[in-house]
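Have a look at the structure first.

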Amino acid sequence: KDISDEHNMNLESKLRIDYIKLSKFLNSREFNVIKFLDENKSSTQQNLADHLELSKSTISRLLKVLKDNDLINKVKIGMSNKVYLKYENFTEFTLND
């Protein structure tokens with residue numbers, strides 16, 4: 001693991017995403033991707049497609065939008081991409097303790 005992975009894991013354990021706030025800024029498919037990644041910590045594109053019952057091309061387009069908005073990170077592993085949230089960019093969408 002590199003330092004950015006550890007930083008992201010520390011934030012992940014502290015931040016709780018407020019799905020109601022977040023849903024106002026994303027369409028339903030984008031929201032479902034973010035929620036799935038938050039609940040599962042990471043996923044491959046194929047796993048996202050299977051669980052959300054969307055085509056790989058639809059997932060690819062959704063991930064491009066989310067990546068362009070700096071909400072996710074994709075890491076190439078072999079022939080697939082592992083996707084995870086960039087929790088540091090979710091601070092405005094968190095629950096207040």
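In which loop is the place of Asp 18? Asp 18 sits in the loop between helix H1 (3-14) and helix H2 (19-23), with helices being DSSP runs of H or I of at least four residues, numbered from the N terminus.

This is a predicted model, where local features need pLDDT of at least 70, side-chain atom pairs count only at pLDDT 80 or more, and totals for chains, interfaces and linings use all residues. Residues are numbered from 1 along each chain as its sequence is written, and side-chain values use heavy atoms, with hydrogens and water left out.

Asp 18 is buried yet has no salt bridge. Buried means under 20% relative accessible area (1.4 Å probe, protein chains only), and a salt bridge needs a side-chain nitrogen of Lys or Arg within 4 Å of a carboxyl oxygen of Asp or Glu. The nearest side chain of opposite charge, Lys 21, is 4.3 Å away; Lys and Arg count as positive, Asp and Glu as negative, while His and the chain ends are not counted.

Leaving out residues up to four places away in sequence, Ile 59 touches Val 33, Gln 45, Leu 48, Ala 49, Leu 52 and Leu 54, a contact being heavy atoms within 4.5 Å.

Phe 90 is buried at a relative accessible area of 0%, and Tyr 87 is buried at 1%.

Conventions: Buried means under 20% relative accessible area, exposed over 50%, partly exposed in between (1.4 Å probe, protein chains only). Helices (H or I, at least four residues) and strands (E, at least two) are DSSP runs, numbered from the N terminus.
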